[in-house]
Amino acid sequence: SKEEIEKREKAIAVSIEMVKQQAIADSIAKAQEAATADSLMKAAEQAKADSLAKAEEEASKKKSSKKTEKKKEKAPVKAGQGKGDAPAENNPKIKAGQGKG
């Protein structure tokens, strides 16, 4: 009958519309997943670059601090000199083997 044909056509149209809506929703979800993955990838790359830059900066600081430490090294203390005594070159009264005491 005519009514049954109209019901079938309407059901088919509704089904087609549902399939279209589902396809749109799937497409949006897929695009969001891709955008999230891209954002995470970029964030990971940036974190890696930041980490490398920080490590290089720290290494550079260590190198420069070692250079200044070498400059600040004290003259070697000779055997027999007490702790805190100046080396014999700076204090002619102290002879080899004499301590503080």
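Biologist: Which residues gather in a patch of negative charge on the surface?

Modeller: Glu3, Glu4, Glu6 and Glu9 do. This is a predicted model, where local features need pLDDT of at least 70, side-chain atom pairs count only at pLDDT 80 or more, and totals for chains, interfaces and linings use all residues. Residues are numbered from 1 along each chain as its sequence is written, and side-chain values use heavy atoms, leaving out hydrogens and water.

Biologist: What makes a patch of like charges?

Modeller: Its residues have over 30% relative accessible area and no salt bridge, and like charges are joined within 9 Å. Asp and Glu count as negative.

Biologist: Why is Glu6 called partly exposed?

Modeller: Buried means under 20% relative accessible area, exposed over 50%, and partly exposed in between (1.4 Å probe, protein chains only). Glu6 has 47%, so Glu6 is partly exposed. Glu6 sits in helix H1, residues 2-72.

Biologist: What makes Asp38 and Lys42 a salt bridge?

Modeller: A salt bridge needs a side-chain nitrogen of Lys or Arg within 4 Å of a carboxyl oxygen of Asp or Glu. Here the N to O distance is 3.6 Å, so the pair qualifies. Both residues lie in helix H1, four residues apart, about one turn of the helix.

Biologist: Why is Lys42 called exposed?

Modeller: Lys42 has a relative accessible area of 53%, so Lys42 counts as exposed. Asp38 has 39% and is partly exposed.

Biologist: How many salt bridges does a search of the whole structure find?

Modeller: Two. Glu57 and Lys61 also form one, at 3.5 Å, N to O.

Notes. Patches are made of residues with over 30% relative accessible area and no salt bridge: like charges are joined within 9 Å, nonpolar side chains (Val, Leu, Ile, Met, Phe, Trp, Tyr) within 5 Å. Accessible areas come from the Shrake-Rupley method with a 1.4 Å probe; for residues, only the protein chains shown count as cover. The place of a charge is taken as NZ of Lys, CZ of Arg, CG of Asp or CD of Glu. Helices (H or I, at least four residues) and strands (E, at least two) are DSSP runs, numbered from the N terminus.
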